[in-house]
Amino acid sequence: MGIDGRSVPDRVGWHIVADHFVGHWVADKINGSYWAEKSQAIGLEKNGNLIAGVIYENYNGRSCVVHLAIQDRINKKFLSAIFKYPFKTCGAEKIIAPVSNTNNKIKSLIEKMGFVKEATIKDADPKGDIELYTMRRENCRFLEDRYGKEL
């Protein structure tokens with residue numbers, strides 16, 4: 001998987017970035033790992049500081065796994081970018097977001113985005129279970145034009 005790595009400015013000092021430093025930042029925030037050779041990452045900078053990011057990994061031609069870390073308010077262009085990448089650029093039919101069952105903040109956010117809980121893997125997280133949230137391409141409202149022009 002790949003992306004051109006360009007920065008897309010927004011009107012208030014926000015920039016969408018695609019670089020491996022974003023993947024390492026996200027991995028640090030979620031206590032995970034990032035393998036640059038087999039993953040891609042997209043982030044959002046606000047006034048020069050990274051405030052959100054997504055890692056994409058394990059794309060198999062039909063689905064991929066996404067990991068999100070968000071520390072501040074995000075914008076529509078970022079929402080558009082993080083969903084257009086797996087669904088339009090890669091052609092995925094479904095994205096899968098594993099989330100610790102104790103991370104209520106991110107669970108609430110991804111449910112608002114339209115992800116649905118599909119499974120629970122018992123005792124798979126240091127703090128409890130991992131819940132698998134999924135979204136199908138046809139259910140993704142962030143692919144609509146109102147969320148930003150094609151990147």
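**Figure 1. Val-54, Tyr-56, Val-66, Leu-68, Ile-82, Phe-83, Ile-95 and Phe-115 form the lining of the largest cavity.** The model is predicted: local features need pLDDT of at least 70 and side-chain atom pairs pLDDT 80 or more, while totals for chains, interfaces and linings use all residues. Numbering starts from 1 along each chain as its sequence is written, and side-chain values use heavy atoms, without hydrogens and water. The largest cavity has a volume of about 40 Å³, and the structure holds 1 cavity of 30 Å³ or more. A cavity is a set of points, on a 1 Å grid over the protein atoms alone, where a 1.4 Å probe fits but cannot get out; lining residues have an atom within 4 Å of a point. Points are joined across faces, edges and corners, and volume is the space filled by probe spheres set on them. Strands S4 and S5 and helix H2 each give at least two residues to the lining of this cavity.

**Figure 2. The chain is built from 3 helices and 8 strands.** Helices (H or I, at least four residues) and strands (E, at least two) are DSSP runs numbered from the N terminus. Starting at the N terminus, the order of elements is β-β-α-β-β-β-α-β-α-β-β. The chain has 151 residues, and 46% of them count as buried (buried is under 20% relative accessible area, exposed over 50%, partly exposed in between; 1.4 Å probe, protein chains only). Of the contacts (heavy atoms within 4.5 Å) between residues at least 6 apart in sequence, 60% join residues at least 24 apart.

**Figure 3. The largest pocket has 30 lining residues.** Lys-29, Ile-30, Leu-68, Asn-103 and Ile-106 are the lining residues nearest the centre of this pocket. The volume of the pocket is about 850 Å³. A pocket is an open set of grid points with protein on both sides within 12 Å along at least five of seven lines. Strand S5 (63-70), strand S6 (94-100), helix H3 (104-113) and strand S7 (116-125) each give two or more residues to the lining of the pocket. S5 supplies the largest share, 5 residues.

**Figure 4. The largest nonpolar core has 35 residues.** Such a core is a set of buried Ala, Val, Leu, Ile, Met, Phe, Trp, Tyr and Cys residues joined through side-chain atoms within 4.5 Å. Val-66, Leu-68, Phe-78, Phe-83, Ile-110, Met-113 and Phe-115 touch the most other members. Two or more residues come from each of strand S2 (14-17), strand S3 (39-46), strand S4 (49-57), S5, helix H2 (76-89), S6, H3 and strand S8 (128-136). H2 contributes the most to this core, with 7 residues. A separate core of 10 residues lies apart from the largest one, and its members include Trp-25, Tyr-34, Ile-55 and Ala-69. Val-66, Leu-68, Phe-83 and Phe-115, named above for the largest core, are also among the residues lining the cavity of Figure 1.

**Figure 5. Phe-78 is in contact with Ile-16, Ile-42, Gly-43, Leu-44, Ala-52, Gly-53 and Val-54.** Residues up to four places away in sequence are left out of this list. Phe-78 is one of the residues that touch the most other members of the largest nonpolar core. Val-54, a contact of Phe-78, is also one of the residues lining the largest cavity.

**Figure 6. Helix H1 (residues 20-29) buries Val-22, Gly-23, Trp-25, Val-26 and Ala-27.** The cover over these buried residues includes S2, S3, S4 and S5. Trp-25 also belongs to the core of 10 residues. After H1 comes Asn-31, with a positive phi near 55°.

**Figure 7. Asn-47 and Asn-58 are loop residues with positive phi.** Asn-47 is located in the loop between S3 and S4. The phi of Asn-47, which is not a glycine, is about 50°. Asn-47 has a relative accessible area of 57% and is therefore exposed. Asn-58 is located in the loop between S4 and S5. The phi of Asn-58, likewise a residue other than glycine, is near 55°. Asn-58 counts as exposed because its relative accessibility is 53%.

**Figure 8. Arg-137 sits in the segment after S8.** Arg-137 counts as partly exposed because its relative accessibility is 27%. Leaving out residues up to four places away in sequence, Arg-137 touches Phe-87, Gly-91, Ala-92, Glu-93 and Leu-143. Arg-137 and Phe-87 are 50 residues apart along the chain, and 6.1 Å separates their C-alpha atoms.
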